[in-house]
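Please open the model in your viewer and keep the sequence panel beside it. The tour below goes from one selection to the next and says what is there.

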Amino acid sequence: MNITSFVKSTVFLQNVTAITMESWLIPMDILMIVLTTLVVTISCVFLIIIILNKTCHTVIMMLIANTYLAALLFGCCLIGSSVFMFQNDVKQIQDQDPLCNFRGYFIYVSCGLHNYSFLLQAIYRYLTAVYSNRLFWQSRRIQILFICIKWIFCFVYILPILFTNGFTYNVDNQICQTPLGLSFSIIYASTCVYAFPMLLIVLIYFTLVRYVHGMSKHVTAANTLSRAKRELKMVRRILILVGILLTIGFPYALFAVISFFTTPPTHHYQIAYIFAETSLVCVLITSFYFTNPLKTSIIKIINRQTNRVIQAVI
């Protein structure tokens, strides 16, 4: 080998490292792309229906639309990561591109936006039940303010990790993430993204349960008690959606705990992403089932199209 060939080979190996291909990686990448495409498609359809249908122009539907918008952004970020994994696995290389850290950043931002959107829904239900006479807290303006605060917080809270190079390129999983292990980055990110909003939703639920039980023991106007029970039912549904996220997304938490004591499986991120993306699809479908105005609108659209087809055939 001459000197020129040797130098070229050395430069190539510094930038791109060949990897041993495992047979199940590409099918897993394809499955992730399919799941994230479903998330993006479903979110887009629901958002379009809410925007175009005037019966969906209510405060609570605005909060639900905010959840679908966050799911859309989350899905787009996951598609970007999944396509990058797929390309590198097909080429059998480990190549970190300049956008890797930003993909990691936006995944945490969009995940936080999605989780905190459920917290906003729970807060609105609580305010409607407990402070039904204080219409200021239920107004569209104050809820838009809460949504804006949530978006600003989710874009800002993860910046310390980004600016301190907390995102590292995981060679085995072809992704930039905070490395699992007992560190400030993983504890801080997990607390802000998952623990804080989930615990607040649970707290709101049990506070509302106690409030409804207290009202049942005292003389209360029938419509006030009925409203409180209805809002409690809605918060229970939010809790179910959060439970789906936590249950199907459990592998990520499991790998994080394992990493505190030992090394997690080689492709732990890809395995965790499969479950997380599956949970997103399940949450969107379940949310559609729980959202009567959206369900009614879609049924009307289907019936209208069916009638047109029948009339055209006749």
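Select Ser259, which is part of helix α9 (residues 250-259); helices (H or I, at least four residues) and strands (E, at least two) are DSSP runs, numbered from the N terminus. Ser259 has a relative accessible area of 11% and is buried. Buried means under 20% relative accessible area, exposed over 50%, and partly exposed in between (1.4 Å probe, protein chains only). With neighbours within four places in sequence set aside, Ser259 is in contact with Leu180, Gly181, Leu182 and Pro264. Contact means heavy atoms within 4.5 Å.

Before going on, note what kind of model this is. It is predicted, so local features need pLDDT of at least 70 and side-chain atom pairs count only at pLDDT 80 or more, while totals for chains, interfaces and linings use all residues. Residues are numbered from 1 along each chain as its sequence is written, and side-chain values use heavy atoms, with hydrogens and water left out.

Next, colour the chain by pLDDT, the predictor's confidence in each residue, from 0 to 100. The chain averages 80, and 87% of the residues score at least 70. Which elements have the lowest and the highest mean pLDDT? Helix α1 (residues 3-15) has the lowest, 41, and helix α5 (residues 140-156) the highest, 93. Select residues 1-20: pLDDT stays under 50 there, and the model has 15 contacts beyond four places in sequence for this stretch. Where pLDDT is low, the predicted coordinates should not be read in detail.

Stay with helix α5 and select Gln143, which lies in it. Gln143 is buried, at 0% relative accessibility. Beyond four places in sequence, the contacts of Gln143 include Val59, Met62, Tyr124 and Trp137.

Move to helix α4 (residues 100-130). Its 31 residues reach 45 Å from the first C-alpha to the last, close to the 45 Å expected at 1.5 Å a residue; the expected span is 1.5 Å times one less than the number of residues. Of those 31 residues, 26 are buried, so α4 is largely enclosed by the rest of the structure. Within α4, pick Asn115. Is Asn115 buried or exposed? Asn115 counts as buried, at 3% relative accessibility. Asn115 touches Val193, Tyr194, Pro197, Met198 and Leu245, leaving out residues up to four places away in sequence. The C-alpha atoms of Asn115 and Leu245 are separated by 9.1 Å, although the two are 130 residues apart along the chain.

Two ranges from a record come next. An unreviewed UniProt entry lists several stretches as "transmembrane region", among them residues 144-163 and 183-208; its positions are given in the numbering used here, feature names are shortened, and annotations may be inferred rather than shown by experiment. In the model, residues 144-163 are 90% helix and 0% strand, with end C-alpha atoms 29 Å apart. Residues 183-208 are 96% helix and 0% strand, and their end C-alpha atoms are 36 Å apart.

Now show the cysteines. The whole structure has zero disulfides, a disulfide being a pair of cysteine sulfur atoms within 2.5 Å. The closest cysteine sulfur to that of Cys77 is in Cys76, 6.9 Å away, too far for a bond. Cys77 is buried at 12% relative accessible area, whereas Cys282 is partly exposed at 28%.

Finally, show the whole chain, with its eleven helices and four strands. Of its 314 residues, 46% count as buried.
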